[in-house]
Amino acid sequence: MNSSQLLIFPALAANSTVGQLSQWISSKEMESFLQSNLGTILACILSFLAAAVSSAGGVGGGSLYVPILSIVAGLSLKTATALSTFMVTGGTLSNVLYTLFLRGGGSGSGQGQGQGQQPLIDYDIAVVSQPCLLLGVSVGVVCNVVFPEWLITALFSLFLAFATFKTYGAGVRRWRAETAELGRIPDAAGAETAAAEEALLGRNVSGGHRCQWVDLAVLVTVWLCFFVMHLFIGGEGAKGVFDIEPCGTVYWLITVAQVPVAVAFTACIGQKRKSQAHGQVISAKRKLDALPAYVFPVAALLTGVMSGLFGIGGGLLLNPVLLQIGVPPTTASATTMFMVLFCASMSMVQFIILGVDGIASAVLYAATCFVASIVGLVGIQGAVRRSGRASLIVFMVAGVLAVSALVIACSGAARVWEEYMSGQYMGFKMPC
């Protein structure tokens with residue numbers, strides 16, 4: 001066999017493969033495949049875009065995932081809600097990993113010092129706020145059962161509209177401040193901006209790694225305590241693993257026990273932070289000296305209540321709240337994603353243990369959001385670095401809020417109209 005023959009056989013094989021592929025593409029099997037999976041493919045594309053935008057703004061994206069899965073993919077609202085927890089977990093996980101290991105964005109890590117535009121997780125805010133955030137979610141879930149659909153939709157639409165207006169206003173103010181800052185003499189402005197950003201972000205070089213691991217251990221402990229209680233009583237419309245009677249005595253004892261657990265954790269953490277403040281000011285206090293210590297726990301509690309009441313992740317609500325308190329955009333974005341990871345992963349693990357339909361689809365959507373989250377984060381950080389404007393993150397948050405308000409108002413109005421036309425009871429209900 002000569003060399004020309006050796007070249008001919010691979011060419012013939014390639015032509016044969018291409019021919020078979022083209023025949024399959026034009027066949028009825030391909031048409032059937034596309035028809036049966038077109039919704040899933042389109043949902044993955046839209047989820048990718050939603051995850052990229054949400055990650056850039058520092059929100060979980062659950063308010064966008066649920067409509068995509070229910071309307072585009074054709075899933076039931078219950079299944080869509082369950083799968084959205086996988087998607088939020090995947091997106092926030094990649095965001096947090098990227099922030100911690102690739103960008104060196106952990107508070108006090110000692111990495112990336114002097115780069116004010118890097119995202120920065122504030123562990124002080126996360127540790128102080130997380131117990132009340134989880135408690136608020138539990139309270140909000142009970143309120144979600146009691147309140148009628150029309151009231152929840154109206155309250156949520158009004159809140160998102162108000163949050164969009166306030167966040168956009170904060171972005172405009174920051175944009176103007178950045179414009180004035182960029183208009184100064186480059187050398188003096190650069191040094192002053194770096195110093196101000198360093199103080200504002202509250203970086204702490206000494207003992208950073210030790211504090212991070214201690215804070216992570218505290219957060220995991222809080223997560224495990226609330227997770228065990230949720231396993232007993234169930235949640236998200238599912239029964240607990242120990243088959244406790246819903247709304248029975250044991251059920252309510254465990255539910256109410258979340259209050260002293262959250263208060264105890266918050267008090268202990270606050271006291272620990274106060275004792276450490278001797279000779280060293282914690283990062284939250286370096287940002288906002290005028291704020292009392294209870295501001296972040298109270299804000300987290302209210303955010304958690306709204307999150308549970310409206311049936312979405314806390315990122316869409318927590319990020320605007322932190323921005324209004326005065327936390328810098330990069331810190332608010334990174335810290336919010338870090339805290340949402342704990343909330344979303346709790347629901348996700350619970351769904352896995354209790355059994356949820358469509359695990360394969362959930363993994364597919366979660367992987368899509370995992371990749372998209374990194375793409376969105378890299379994109380927004382590159383834009384901030386090139387422009388020197390962290391206000392871009394604030395405008396991204398305002399955009400996600402506006403889209404979420406429109407989507408949720410329309411979908412909620414459709415559900416309320418369906419209830420009204422079907423003659424369903426539309427008043428307040430008992431929690432059990």
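Buried means under 20% relative accessible area, exposed means over 50%, and partly exposed covers what lies in between, as computed with a 1.4 Å probe on protein chains only. By that scale Arg174 counts as partly exposed because its relative accessibility is 24%. The structure is a predicted model, in which local features need pLDDT of at least 70 and side-chain atom pairs count only at pLDDT 80 or more, while totals for chains, interfaces and linings use all residues. Residues are numbered from 1 along each chain as its sequence is written, and side-chain values use heavy atoms, with hydrogens and water left out.

**Salt bridges**

- A search of the whole structure finds three salt bridges, a salt bridge being a side-chain nitrogen of Lys or Arg within 4 Å of a carboxyl oxygen of Asp or Glu.
- One of them joins the side chains of Arg415 and Glu149, with an N to O distance of 3.0 Å.
- Arg415 belongs to helix 15 (residues 391-421) and Glu149 to helix 6 (residues 149-182), so this pair ties together parts that are 266 residues apart in sequence; helices here are DSSP runs of H or I with at least four residues, numbered from the N terminus.
- Arg415 is partly exposed, because its relative accessible area is 33%.

**The network around Glu178**

- Arg174, Glu178 and Arg389 are linked in a network of salt bridges.
- Between Glu178 and Arg174, the closest N and O atoms of the salt bridge are 3.5 Å apart, and the two residues, four apart in helix 6, are separated by about one helical turn.
- The side chains of Arg389 and Glu178 also meet in a salt bridge, at 4.0 Å from N to O.
- Arg389 sits in the loop between helix 14 and helix 15, whereas Glu178 is in helix 6, so the pair ties together parts that are 211 residues apart in sequence.
- Glu178 counts as buried at 9% relative accessibility, and Arg389 counts as buried at 12%.

**Leu364 and its contacts**

- Leu364 lies in helix 14, which spans residues 359-387, and it counts as partly exposed at 40% relative accessibility.
- Leaving aside neighbours within four places in sequence, Leu364 is in contact with Thr40 and Cys44, where contact means heavy atoms within 4.5 Å.
- Although Leu364 and Thr40 are 324 residues apart in sequence, their C-alpha atoms are 9.8 Å apart in space.

**Cysteines**

- The structure holds zero disulfides, a disulfide being a pair of cysteine sulfur atoms within 2.5 Å.
- For Cys44, the closest cysteine sulfur is that of Cys369, and the 8.6 Å between the two sulfurs is too far for a bond.
- Cys44 is buried, with a relative accessible area of 13%, and Cys369 counts as buried at 0% relative accessibility.

**Annotated transmembrane regions**

- An unreviewed UniProt entry gives the annotation "transmembrane region" to residues 38-68, 150-168, 213-233, 249-270, 291-317, 337-356, 363-384 and 390-417.
- UniProt positions are given in the numbering used here with feature names shortened, and annotations may be inferred rather than shown by experiment.
- Over residues 150-168 the chain is 100% helix and 0% strand (strands being DSSP runs of E with at least two residues), and the C-alpha atoms at the ends are 27 Å apart.
- Residues 213-233 are likewise 100% helix and 0% strand, with 30 Å between the end C-alpha atoms.
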